[in-house]
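I opened the notebook to go through this structure one feature at a time. Here is what I looked up.

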Amino acid sequence: MKFRYCPYCGSKLIKKEIGDEGLVPFCGKCNLPLFDLPVSCTIILVLNEYNEAVLIKQSHGNKNYGCVSGYMKIGESAEECAAREVEEELGIKPCEIEYVNSYTFNKKEMIMLGFMARVRKAEFVLSDEVESAEWFNIEEARENLREATVARKLVENCIERICESSD
């Protein structure tokens with residue numbers, strides 16, 4: 001979110017030099033810097049006991065494969081958000097949630113917190129947001145994701161973790 005007006009008093013913001021942060025939006029009336037904020041989201045690679053990964057296709061917009069993802073709600077931890085999104089979109093409750101990495105998605109001004117969720121393999125009960133979901137061998141999952149996407153980076157990071165833990 002980019003601030004143009006002060007959310008406290010409504011005054012138009014100016015640009016002001018703040019320490020080593022450079023020029024930032026500043027409210028002269030409240031004497032307050034207002035740093036631009038990314039939208040917080042989670043993105044989750046869902047894995048079962050056979051190291052098969054779920055890829056989904058959304059009901060709206062993009063028809064490419066992706067990972068489960070969603071916006072964080074006020075008062076919700078990133079781990080709670082990740083577990084909720086898996087349960088909402090796939091109808092499967094995660095047994096374990098592990099933080100993997102953070103990713104920027106500049107196109108939508110998002111910070112995406114990446115997680116790996118472990119589940120027991122089960123039938124999906126898809127939300128209206130999800131057109132389809134499919135289990136893939138984790139290597140096949142990587143190949144079904146477009147290069148340079150956040151989902152692909154997350155899968156690659158998870159593959160590294162799985163390989164490290166099996167050594």
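This is a predicted model: local features need pLDDT of at least 70, side-chain atom pairs count only at pLDDT 80 or more; totals for chains, interfaces and linings use all residues.

Which residue is the bridge partner of C27 in β3? I looked it up, and the partner is L32.

**Entry 1**

β2 covers residues 23-27 and pairs with β3 in the antiparallel sense, over two bridges. Both strands belong to an open sheet of three strands, ordered β1-β2-β3, with antiparallel pairing. I then checked the edges: β1 (14-17) and β3 (32-33) are the edge strands, and each pairs on one side only.

N31 is exposed, because its relative accessible area is 55% and the cut-off for exposed is over 50%.

N51 sits in the loop between β4 and β5. At 26% relative accessibility, N51 counts as partly exposed.

**Entry 1: rings**

How many aromatic pairs does the structure hold? I get three. I picked out one of them, Y99 with F115, which is edge-to-face. The ring centres are 5.6 Å apart and the planes make an angle of 75°. Why does this pair tie together parts that are apart in sequence? Y99 lies in β7 (residues 96-105) and F115 in β8 (residues 110-118), so the pair links parts 16 residues apart in sequence.

F115 counts as buried, because its relative accessibility is 1% and buried means under 20%.

I also looked for charges over rings. The charged end of K16 sits over the ring of F26, 4.2 Å from the ring centre. Another case is K57, whose charged end sits over the ring of Y65, 4.6 Å from the centre.

**Entry 2: two buried residues**

C81 is in helix α1, which runs over residues 78-90. It's buried, with 0% relative accessibility. What does C81 touch, not counting residues up to four places away in sequence? My list reads T42, G70, Y71, M72 and E76. I checked one distance as well: the C-alpha atoms of C81 and E160 are separated by 24 Å, and these residues are 79 apart along the chain.

Next I went to S127, in the loop between β8 and β9 (130-137). It comes out as buried, because its relative accessible area of 18% is under the 20% cut-off. Leaving aside neighbours within four places in sequence, S127 is in contact with E88 and E89.

**Entry 3: the largest pocket**

The lining is made up of 30 residues, and the closest to the pocket centre are Q58, N62, S69, F105 and K108.

Note on methods:
Residues are numbered from 1 along each chain as its sequence is written. Side-chain values use heavy atoms; hydrogens and water are left out. Two strands pair if DSSP finds at least two bridges between them. Helices (H or I, at least four residues) and strands (E, at least two) are DSSP runs, numbered from the N terminus. Rings of Phe, Tyr and Trp (its six-membered ring) pair if their centres lie within 6.5 Å; planes under 30 degrees apart count as stacked, over 60 as edge-to-face and the rest as tilted. Buried means under 20% relative accessible area, exposed over 50%, partly exposed in between (1.4 Å probe, protein chains only). A charge sits over a ring if NZ of Lys or CZ of Arg is within 6 Å of the ring centre and within 35 degrees of the ring normal. Contact means heavy atoms within 4.5 Å. On a 1 Å grid over the protein atoms alone, a cavity is a set of points where a 1.4 Å probe fits but cannot get out, and a pocket is an open set with protein on both sides within 12 Å along at least five of seven lines; lining residues have an atom within 4 Å of a point.
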